[in-house]
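Colleague: I would like to learn how to read a few local features in a model. Please take them one at a time, general idea before the case.

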Amino acid sequence: MADQALRPTLTAEEAASYSLSIRPTSGGLAFCICPITRDGMSFSTFLPYSSSEAPLYKTIEELYYQDELLSLPYAATYLYYEPNQATLVPDELLISGQEALWLTPQRETEEAESVQRKTTSTLALSYRLPDETKSFVLAWDQEAYHFLRRTLLLLEPRPYFAPTLETRRAHTRRTRGYELFVQLREKHVDCFLLCEGELVAFNTYAIVRSLEAREIAGEVMYYIVALWRHFSLSPDADHIYVSYPCEGVEQVTSLLKASAECLHELLEEHVISVQVEPYQTLTHQ
């Protein structure tokens, strides 16, 4: 993230020449301001939430009223959100306005009711893959989304994994074999199976044990092995790419980095090509 000393002082008129990208993530809000043209400096930072117990829209709203840079009228604003649920749907089966039918209803359990009291209802969003015949249907916090829609002039929502996924799709167009792309985030792991630029399969899993790196690595390893066997992938010809976040509170990002490194140790005994790298969503503009 950028040094606070480089923090810009933009007027409303100047903001029209910049775009704003925001990512609500572990413990706070990351945001990045970029010039639309090549002129000017980019700026990025991370603002921690004051409370982890408050609903998401309340914590975002509090930061928007505290930081004047967030409320300026930018030429475009991109919301990179971490979905509560996600599924991949063929375009011919996706009907506009009925995306929620593809999401799993929340189970009526005591735990689910407790989570609902802290958060809000979810909203179904869709994201179409460029040059593909498939779209993601994703769930995110409804009140947080509507607050941002009311606050910002223009808002384009995208799943947080979209930039890195496009980078990996471009990479696999130049390589042979399948790539299992594994992206870690707080309490979840998203798995994408790619081949020659095409997204063949996708699944997201909740991480149940998220306190120690080796426990997280062991749990993610279980999902990787299940996918590897299901698609009959080759340890000699196919690849695994694991990424962990740079954006978020240090406690979480450090834990996920250590988890990715443990995962590399487990995988390299069985698969020839394993790569581990960090990702930073808001730098991909």
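Colleague: Which residues of helix 6 are buried?

Modeller: An α-helix has 3.6 residues a turn, so residues three or four places apart point the same way. In helix 6, the buried residues are Ala 213, Ile 216, Ala 217, Glu 219, Val 220, Met 221, Tyr 223, Ile 224, Leu 227 and Trp 228. Buried means under 20% relative accessible area, exposed over 50%, and partly exposed in between (1.4 Å probe, protein chains only). Helices (H or I, at least four residues) and strands (E, at least two) are DSSP runs, numbered from the N terminus.

Colleague: What should I know about the model itself?

Modeller: This is a predicted model, in which local features need pLDDT of at least 70 and side-chain atom pairs count only at pLDDT 80 or more, while totals for chains, interfaces and linings use all residues. Residues are numbered from 1 along each chain as its sequence is written, and side-chain values use heavy atoms, with hydrogens and water left out.

Colleague: What do the buried residues of helix 6 pack against?

Modeller: Contact means heavy atoms within 4.5 Å. The partners are strand 9, strand 10, strand 11, strand 12 (239-245) and helix 7 (250-267).

Colleague: Which residues have a positive phi, and where is each one?

Modeller: Most residues other than glycine have a negative phi. Lys 187 has one of about 70° and sits in the loop between strand 9 (178-185) and strand 10 (188-195). Glu 196 has a positive phi near 50°, in the loop between strand 10 and strand 11 (198-206). Lys 187 is partly exposed, at 47% relative accessible area, whereas Glu 196 is exposed, at 59%.

Colleague: How do I read a charged side chain such as Asp 238: is it buried or exposed, and what is the nearest side chain of opposite charge?

Modeller: Lys and Arg count as positive and Asp and Glu as negative; His and the chain ends are not counted. A salt bridge is a side-chain nitrogen of Lys or Arg within 4 Å of a carboxyl oxygen of Asp or Glu. Asp 238, in the loop between helix 6 and strand 12, is buried and has no salt bridge; Arg 176, the nearest side chain of opposite charge, is 11 Å away.

Colleague: Which backbone nitrogens lie by a polar atom of the Asp 238 side chain?

Modeller: The backbone nitrogen of Tyr 178 is 2.8 Å from such an atom, and that of Ser 234 is 2.7 Å from one. Asp 238 also touches other residues, including Trp 228 and Val 271.

Definitions and conventions:
Polar contact = N/O pair within 3.5 Å; in protein donor to acceptor, adjacent residues only side chain to side chain.
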